[in-house]
Amino acid sequence: MDHKQITRRSLIAGAAAAAGGVLLDNLPAAAQQGTAAAPAAAAAPAAAPPVAPDDPTKIPGTPTTAVGERSPFFTPKRAPVGEITGTSLSPIQDFAGTLTPSDLHFTRIHAGVPLIDPTKHRLLIHGLVDRPLEFTVDDLKRFPATTRVHFVECSGNGRAAYRTPKPDMTPQQVDGMFSTSEWTGVALSTLLHETGVKAEAKWFLAEGGDACKLARSIPIAKAHDDALVVWAQNGEPIRPEQGFPLRLLLPGYEGNSNVKWLRRIKLGTAPFMTRWETSKYTDPLPDGKIRQFSFEMDAKSIITSPAYPNKLSGPGWWPVSGLAWSGRGRISRVDVSTDGGKSWSNAELITPLASKAPVRFQFLWNWTGNESLLMSRAVDDQGYTQPSMAQLKAARGPGTDYHFNSVRGWRVARDGSVTFEANT
Amino acid sequence: MMRAPRWTLGVAGALAAAALAACKLDARNDYLGDKDPRHFDLGHPVSAAEIAPLDIDVSPDGAGLPAGSGTPEQGASIYASACASCHGANGEGKAPAYPQLVGGPKGGNVDFDADYKVPRTIGNYWPYATTLYGYIRRAMPLTAPGSLTPDQTYAVTAYLLNREGIVPAGATLDAKSLTAVQMPAKNRFVTDDRRGSTGGKNTR
């Protein structure tokens, strides 16, 4: 117990010092005493925004630091935390543009985040190849590099909003298993050129180096198309939660198949039928079939602002802003409705268009103060239009497990409060 | 292979190497171009003996299954000590992290699309018994993955399949008999058919 007290007290003191010397006196008594009743959240008051000077131009600011931090006035967070086999959702309502800050990328893990020494990590490519080869991370960095912006979306993204929608869901809770990064790596086809590929190879197994050795079977055509073995995310080595030091990046494919901590690729004639492509990540359908290897993420969009728990302060101009993406190509159009789908208008696409990458859309809305229902609908360059909830439920059934890409809405009440509306 | 301008020939030492590299880049008009090497020779050959310990996958045709065997009766005690703390004494699971393994509606025609609460268990949803062995070998138990021997893994697999009524009590599962197990839901599985006749334009 004494040991615990010291540890907790020094932790709190350290946190307070890091936050700029917030007074320990302000902490709840329980936290200061380090009793078992004081959870980590008891230190939360230390995270309250500091009091800024009335005129910051009258005193010198703070000195340079080794690593920058966000403004204490902006504190976005993933949630929930503490899971070993679970998900932490990205606060997608807190971002502008299309890129996700790396430290806020959503996390889906099946056996914790492994600690991997990059100098000891190897990627083995074997099976139906001419020459089985092993690569170090440094070896891979000597190949011609490719840098591209792509989203990663868990195929379960939107599940809670589909099955158990509630008015008080935030964009993070609705669609927080979606993030976008600039990824850098080597084309998998370049590596397979090194090993040679036997003619009978039709699938490859990608395996991670985490404690469950997560593995997925991928058609070999994807390797020849646009699959990458990446080591960098947004200009720096991949974050541990995203697969440090190597991950498979399959543009447009469901997140789970973008195997993190990639350690092995084995070429074979047929799918290996791992747990993650049979028991999970498959889609039971109304006709009794169960669809598997449904890799591509169909076109989808979400309005990230205004959204719950925003409250519009009054009538006037409000930008309706959101993200649209397709795992099959480029977004060609985003429609926005402010009257629950009775009429639709073209939104402006304000970021560059790229294949299998999101675009930020914006619709300038002059709110009259009447009750409104905001919706967005994405169309991709394959001619696919994001379905309504009714259309998706008819095609997949209410009990389906993945690929929840229906149109969602935000209801704006006369008092300006905004709530989630799933039924479209 | 490495075509260099004529004027670099004969220049010696590091200067030559640097000039060669610079000219090669300058001479390139497109992405990889025909001047790039067909092979970069950056990988390291690996022997079968080095590959073997990493080669842990198991396929529906039985490829990858090791020697060894186990029975449901042997598996019951292993399940109780290694699995029950998460998946429950009767395989009922603990939502959301620890799935229910057994005891769902029986058979190969369970209606899953209508209600997500219908348990998807080994007997009514998993298409291949080899997947069960492969997954336990890969990932279980959560706190000590890889700690079960091949015999223990066969035994736990046999225990779970027996609980689902797929293999009888007293059955011995090994590489051959496990591969021969037919799972009730197998014929329901189809490869992605969303594009199909609609060309991917409609929701399916």
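Strand β4 (residues 133-136) of chain A runs antiparallel to β1(B), with two bridges between them. Strands count as paired here when DSSP finds at least two bridges between them; the elements themselves are DSSP runs numbered from the N terminus, with helices being H or I of at least four residues and strands E of at least two.

Some housekeeping: residue numbers start from 1 along each chain as its sequence is written, while chains are lettered from A and ligands numbered from 1 in the order in which they are written. As this is a predicted model, local features need pLDDT of at least 70 and side-chain atom pairs count only at pLDDT 80 or more, whereas totals for chains, interfaces and linings use all residues.

**Where chains A and B meet**

- Chain A puts 54 residues into the contact and chain B puts in 45, a contact being two residues whose C-beta atoms, placed from the backbone, lie within 7 Å.
- On the chain B side, β1 (44-45), α6 (129-139) and β2 (189-191) each bring at least two residues to the face that touches chain A.
- The top contributor to that face is α6(B), with five residues.
- Sorted by class, the chain B face has 25 nonpolar, ten polar and ten charged residues. Nonpolar covers Ala, Val, Leu, Ile, Met, Phe, Trp, Tyr, Cys and Pro, charged covers Asp, Glu, Lys and Arg, and the others, Gly among them, go down as polar.

**Strands around β3(A)**

- β4(A) also pairs antiparallel with β3(A), over four bridges, and here A:F135 in β4(A) is the bridge partner of A:L123.
- A hairpin of five residues takes the chain from β3(A) to β4(A).
- β3(A) pairs in the parallel sense with strand β12 (residues 262-268) of chain A, again over four bridges; A:L124 sits opposite A:R264 in β12(A).
- Strand β3 (residues 122-127) of chain A has five of its six residues buried, so it is largely enclosed by the rest of the structure. Buried means 20 or more other C-beta atoms within 10 Å of the residue's own, with C-beta atoms placed from the backbone; exposed means 12 or fewer, and partly exposed is in between.

**Helix α6 of chain A**

- Helix α6 (residues 188-195) of chain A is largely enclosed by the rest of the structure because six of its eight residues are buried.
- Those buried residues are A:L188, A:T190, A:L191, A:L192, A:E194 and A:T195.
- They pack against β3, β4, β6 (178-187), α7 (220-225) and β9 (228-233) of chain A.

**Domains of chain A**

- Chain A is split into domain 1 (1-54), domain 2 (122-291) and domain 3 (300-421), with bounds from an automatic or database domain assignment.
- The C-alpha centres of domain 2 and domain 3 of chain A are 28 Å apart.
- In chain A, 28 residues of domain 2 touch 24 residues of domain 3.
- β5 (146-153), α4 (159-163), α5 (171-175) and β13 (283-284) of chain A each give at least two residues to the domain 2 side, which has 15 nonpolar, eight polar and five charged residues.

**Chain B overall**

- Chain B has eight helices and two strands, in the order α-β-α-α-α-α-α-α-α-β along the sequence.
- Of its 204 residues, 33% count as buried.
- Among chain B contacts with a separation of 6 or more, 55% link residues 24 or more positions apart.
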